[in-house]
Amino acid sequence: MTTLSHDRYCDEVARQIGLLRATLTGADLSVTVPTCPDWTLSQLVRHTGGAVRWSERLVATRAEQNIPDEDVPDAAGPEGDDPAALDAWLASTGALAEKTLRAAGADASAWSWSGDHTAGFWARRMTHEVAVHRADAAIAAGADYEIAPDIAADAIDEWLDIVLLLRRLDPGSGAAELRGAGRSIHLHATDAPPGLEAEWLIEFGEDGFTWRRGHAKATVALRGPLTEVLLAFYRRRPLDSGRVEVIGERELLEFWLERATFG
């Protein structure tokens, strides 16, 4: 369920990269990222910018199959860890992606690992790729993190769809274990602005799960400000951070978080 326009996603890819650049101002690029402990902050930034450049190349060439990283121009970024060079690379990455995605239009054909082989898929995917990795960068740098409510809500929608896709594509994944009739999870943002339905119900069945937006009683509920619900649901913030509230069978929510993984 896509709730935002293609133009909005194009705007957001560039905007999220701009916000990432601001987060990095004065930060130590050598620190380990707590939420991605295999990476330093520099490596996180290169991964994020490289992903955006890879998706841009898929759209620009109307690719019919995957493009290896080594065939994506400037995907690795500048040599060394000069902050100014890295910032300039991110800036050009955001501008390039926005221009390509907007010019292509949502329906342009482009290979993807999902069932949606369009530029629209990549505009949405990169919006949330950068937005969530921006949270990783903010946590590593000790900086504040804010995200527009409609972008946060759409990120939760997209994540739920990705986990459904993982169940279908990889029967051996942890996502395949997300089943069991009679159980449910409710996500409830307590600060959603008027007009934004920021509640979700995930219902487990014998063969998997379904989800929808809406309010309902559930086996367990995750409540808090929308940004914090997003970060907890993406495993960027622990459930006991004091920023969210877990009501009901916490074990079910932990079961979900342990198995709903990607990448």
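How many residues lie between β1 and β2 in their hairpin? I looked, and there are two residues between them.

**Entry 1: ground rules**

I am working from a predicted model, where local features need pLDDT of at least 70, side-chain atom pairs count only at pLDDT 80 or more, and totals for chains, interfaces and linings use all residues. Residues are numbered from 1 along each chain as its sequence is written, and side-chain values use heavy atoms, with hydrogens and water left out.

**Entry 2**

I took the elements as DSSP runs numbered from the N terminus, helices being H or I with at least four residues and strands E with at least two. Strand β1 covers residues 32-33 and strand β2 residues 36-40; they run antiparallel and are joined by two bridges. Two strands pair if DSSP finds at least two bridges between them. I noted that Val33 stands opposite Cys36 in β2.

**Entry 3: α2 against α4**

I looked up how helix α2 (residues 41-60) lies against helix α4 (residues 119-141). Their axes come within 10 Å and cross at roughly 175°. Axes here are lines fitted to C-alpha atoms, for helices over the stretch in contact, and angles run from 0 to 180 degrees between N-to-C directions. The two helices are therefore roughly antiparallel to each other; the classes are roughly parallel under 35 degrees, roughly antiparallel over 145, roughly perpendicular from 65 to 115, and oblique for the rest. On the α2 side the contact includes Leu41, Leu44, Trp54 and Leu58, and on the α4 side it includes Trp122, Met126, Glu129 and Asp136. Contact means heavy atoms within 4.5 Å. By class I find 13 nonpolar, four polar and two charged residues in this contact. Nonpolar stands for Ala, Val, Leu, Ile, Met, Phe, Trp, Tyr, Cys and Pro, charged for Asp, Glu, Lys and Arg, and polar for the others, Gly among them.

**Entry 4: Thr93**

I next checked Thr93, which lies in helix α3 (residues 83-104). Is Thr93 buried or exposed? Its relative accessibility is 1%, so Thr93 counts as buried. Buried means under 20% relative accessible area, exposed over 50%, and partly exposed in between, with a 1.4 Å probe and protein chains only. Leaving out residues up to four places away in sequence, Thr93 touches Ile17, Gly49, Val52 and Arg53. The side chains of Thr93 and Arg53 are joined by a polar contact of 2.7 Å. A polar contact is a pair of N or O atoms within 3.5 Å; within protein, one must be able to donate a hydrogen and the other to accept it, and residues adjacent in sequence count only if both atoms are side-chain atoms.

**Entry 5: the five-stranded sheet**

I traced an open sheet of five strands in the order β5-β4-β3-β6-β7, with mixed pairing. β5 (208-213) and β7 (245-248) stand at the edges with a single partner strand each, so one side of each is left without a neighbour in the sheet. Neighbouring strands of this sheet are turned by 15° against each other on average, direction ignored. Helix α5 (residues 149-169) packs on the sheet and touches β3, β4 (199-205) and β5; its direction makes about 160° with that of β5.

Strands β3 (residues 184-189) and β6 (residues 220-224) run parallel and share five bridges, with Arg223 in β6 as the bridge partner of His188. β4 and β5 run antiparallel, joined by six bridges, and form a hairpin with two residues between them. Trp211 in β5 is the bridge partner of Ile202.

**Entry 6: two residues of the sheet**

Gly224 lies in strand β6 and is buried, with a relative accessible area of 6%. I found Thr190 34 residues from Gly224 in sequence, with a C-alpha to C-alpha distance of 5.4 Å.

Arg213 is in strand β5 and counts as buried at 16% relative accessibility. Its side chain makes a polar contact of 2.7 Å with the side chain of Asp157. The backbone oxygen of Glu197 lies 2.8 Å from a polar atom of the Arg213 side chain.

**Entry 7: positive phi**

Most residues other than glycine have a negative phi. I noted Asp74, in the loop between α2 and α3, with a positive phi near 60°. Asp74 counts as partly exposed at 43% relative accessibility. Arg235, in the loop between α6 (226-233) and β7, has a positive phi near 65° and is partly exposed at 46%.
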